[in-house]
Amino acid sequence: MFHWLEKHPFFFAVAVFVTIAFAGLIEILPNFAEASRPVIGTKPYSTLELAGRHVYIKNSCNACHSQLVRPFKSETDRYGHYSLSGEYAYDRPFLWGSKRTGPDLMRVGNYRTTDWHENHMKDPAAVVPGSIMPAYGWLFKNSADIDTAYAEQVTVNKVFAVPYNAEIPMADGSKSTVKLAATLDEAHADALEEAKVIAADMKDQDVKDAVAAGNIPEIVALIAYLNSLK
Amino acid sequence: MDISTFQAYAYFFFTAFMVVVLYSYIYHLYSSQWKGKRDYEKYGDLALHDEIDDHPIEKISENDEKK
Amino acid sequence: MENRPLEYDYTVAKMFMLTTVLLGIVGMLVGVILAWEMAFPAVNTIAGSGLAEYTNFSRLRPLHTDAVIFGFTFSGIWATWYYVGQRVLKVSMAESKFLMFLGKLHFGLYLLVVVSVVVSLLLGITTSKEYAEFEWPIDIAVVVVWVIWGMSIFGLIGIRREKSLYISIWYYIATFLGIAMLYLFNNMEIPTYFASGGIGAWYHSVSMYSGTNDALVQWWYGHNAVAFGFTVPIVAMIYYFLPKESGQAVYSYKLSLLAFWGLMFVYLWAGGHHLLFSTVPDWMQTMGSVFSVVLILPSWGSAINMLLTMKGEWQQVAASPLIKFMILASTFYMFSTLEGPIQAIKSVNALAHFTDWIVGHVHDGVLGWVAFMIMAALFHMAPRVFKREIYSKSLMNTQFWIQTLGVVLYFTSMWIAGITQGMMWRAHDEFGNLAYSFIDTVAVLHPYFTIRAVGGTLYLLGMFLFAYNMYKTMTSGRRVEESELQSASPMGA
């Protein structure tokens, strides 16, 4: 049976492919629809938050920090409620991570502030003695890429119908909307407004000056993203 | 029947099927070697006699003609 | 019939041998830097704080994994394919100008991809998906390289003289098909520049899948890329190189048939075990675990087959460092294929997931099994490709022991680190509060991180010895006759 295949490379290849593809089909595909339904209260990212998410990805924060709270008491005590599938509905890509060299960040917005992040990113060991996390000084100098974040918002809104400019039900029964700017200039203006709120809580004079001059450093976007993780 | 139930069934039946196939194949291999119908082990020499002027274990043209 | 002086043509194999050695050193050097950074964070700014962005742990980490997987390992796979493929099919690449051209094109494009990957990862251009970090332009180039390799496989098979495909060829074909399918599905992405009408970075893309779905597809890929990159093609190598080097035909051809089909079926099912305790359905998690356990059987079929091939010939292990490399590799193969399923058991996974134990598991597999086998294959190929004796046997022996020590230090320290940290994360005091803050669980790891860094450095040292030995073999080894190359490789003192 199989021995015949070895003399017939084409059929051999087909047999191997069918064997390995079958499992994938059964295992992966059918759960797609269900897992992608958002939980009540899950909102898409604003332009600045998304730009911050790009900063997070650019610096591979996910190499050391997970965003997945497992349903154990020790984890929920430490990080908050365990993760639900629908909470990730607007995460493209997912950032669960595979290694916790540092703590989980799934709900870091609940217990860390702008001020804390600013000090921590400049010198982690000064905030958490014994920390092995490197400093991220360049985030205070480089500018966040608002254009690409906006492009991604437009893309997911158009292609995957991510609900921007639409009412989203919140946990307390109220409604909330996340704005998608009509033009790139408007997106920049909106992001800058958001950035000003964050910069007001920061101490770094260069960052404050940059935001006042209409420029958004990467650190501001990153903090906006981290604060949104709840 | 919803999709996840279907998945579970497909998974179990396919696993059972594979186990049967694999074990009957083991039986088939060893019984045909034992009865002398076919010598599988000669193919192990494919790696040892692999100079370009070595004789092929089974020539490609010969077999095609036999068919 | 074959009186003309036709010879196997190893031009392309030689090219890939070069990148195997080079990218192996690059990938492992970056790994060693990372290991020291974890032990001593000051290493993060080793090139000054101005360049910290590029020497920082997080920026280098994907470079390490990708250089070792797609650089070292795949170069090794291709180097051996362009060697083994010709031999067991008994057809020379010199017989087809087209295949020769494809081979060279394969190498050229591959180099181009390597360069663009290095540059883009250092700049932080990444999709963040592990082992699939490349953005869409590089993905397209990868697919092209892959298709060329496929054409070269089936082209060579098409003009073969030997009717039956040898065991190694099955595994190479499976590697080709498996990775092709996985890579394509996992990298489905939409370039935002085009979808948004020309806004933002041209290379940026967004995944077609979101959240949990993305995770499912990614780990289906992540796990199986390991299967089809680190297991299947390396098994292809050992099925050829161990019998050839030892002069013993494979112990049981029938067992190899069973092991192959068993592995094909089972490996793909096991991807779900990376998702334990996440939000995927319960039954799927159990299924992933159970199949991971079943996976031991076919994986061990191959390893046992290899060990039995040496039956009655064990004196060769003592006599030849080359056989040592291969026997140690298959031992590590058995070992890490046992360790993997253990980690997939739910209660073990609850402890091990997110810890350094996983890192340890990956490295005893890659350093012990993959890298040892690839180096053994290159050692076996060198005398036949360069028509020279291996430069130094004693250097090989030294390398073997240094690297073995390195691997042992690596995985033992990571086991202890992982289990210690996992236990500390879940420890509660008598009032039901968490016993340790997170930083406590980091500080305790310092000695293990240091031992790991030492282990990694030893392994890298062995790589340099390897590179030196290969270089000397190529340039100044004693010239050998065809008759000396039948089985055991000739080695100088």
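Helices (H or I, at least four residues) and strands (E, at least two) are DSSP runs, numbered from the N terminus. The structure shown is a predicted model, in which local features need pLDDT of at least 70 and side-chain atom pairs count only at pLDDT 80 or more, whereas totals for chains, interfaces and linings use all residues. Residues are numbered from 1 along each chain as its sequence is written, while chains are lettered from A and ligands numbered from 1 in the order in which they are written.

**View 1. Chain B and its three helices.** The secondary structure of chain B consists of three helices and zero strands, and along the sequence it reads α-α-α. Of the 67 residues in chain B, 10% are buried, a residue being buried if 20 or more other C-beta atoms lie within 10 Å of its own, exposed if 12 or fewer, and partly exposed in between, with C-beta atoms placed from the backbone.

**View 2. Chain C as a whole.** Chain C holds 18 helices and two strands, and its C-alpha trace spans about 85 × 60 × 50 Å along its principal axes. Its radius of gyration is 23 Å, which agrees with the value near 23 Å for a compact globule of 493 residues; the radius is taken over C-alpha atoms, and the globule rule is 2.2 Å times the number of residues to the power 0.38. Buried residues account for 60% of the 493 residues in chain C. Two residues are in contact if their C-beta atoms, placed from the backbone, lie within 7 Å; among contacts in chain C between residues at least 6 apart in sequence, 81% join residues at least 24 apart.

**View 3. Helices α4 and α5 of chain C.** The axes of helix α4 (residues 97-122) and helix α5 (residues 136-158) of chain C come within 9 Å and cross at roughly 155°, which makes α4(C) roughly antiparallel to α5(C). Axes are lines fitted to C-alpha atoms, for helices over the stretch in contact, and angles run from 0 to 180 degrees between N-to-C directions; angles under 35 degrees count as roughly parallel, over 145 as roughly antiparallel, 65 to 115 as roughly perpendicular and the rest as oblique. The crossing of α4(C) and α5(C) is left-handed, a term used if the near helix is turned anticlockwise from the far one by less than a right angle, with right-handed used if clockwise. The residues of this contact divide into 18 nonpolar, six polar and no charged, where Ala, Val, Leu, Ile, Met, Phe, Trp, Tyr, Cys and Pro count as nonpolar, Asp, Glu, Lys and Arg as charged, and the others, Gly among them, as polar.

View 4. In chain C, 75 residues are in contact with 71 residues of chain A. Helix α8 (residues 211-246) of chain C gives the most to the side of chain C that touches chain A, with nine residues, and that side divides into 42 nonpolar, 25 polar and eight charged residues. A:Tyr88 is placed in the loop between α5 and α6 of chain A and is buried, with 29 other C-beta atoms within 10 Å. Leaving aside residues up to four places away in sequence, A:Tyr88 touches A:Phe94, C:Ser210, C:Gly211 and C:Thr212.

**View 5. Backbone features in two loops of chain A.** Most residues other than glycine have a negative phi, and most peptide bonds are trans. A cis peptide bond, with omega about -5°, joins A:Arg92 and A:Pro93, and A:Pro93 lies in the loop between α5 (73-79) and α6 (114-122) of chain A. In the loop between α8 (146-159) and β1 (167-169) of chain A, A:Ala161 has a positive phi near 55° and counts as exposed, with 9 C-beta neighbours inside 10 Å. A:Asn165 lies in the loop between α8 and β1 of chain A, has a positive phi near 55°, and is exposed, with 11 other C-beta atoms within 10 Å.
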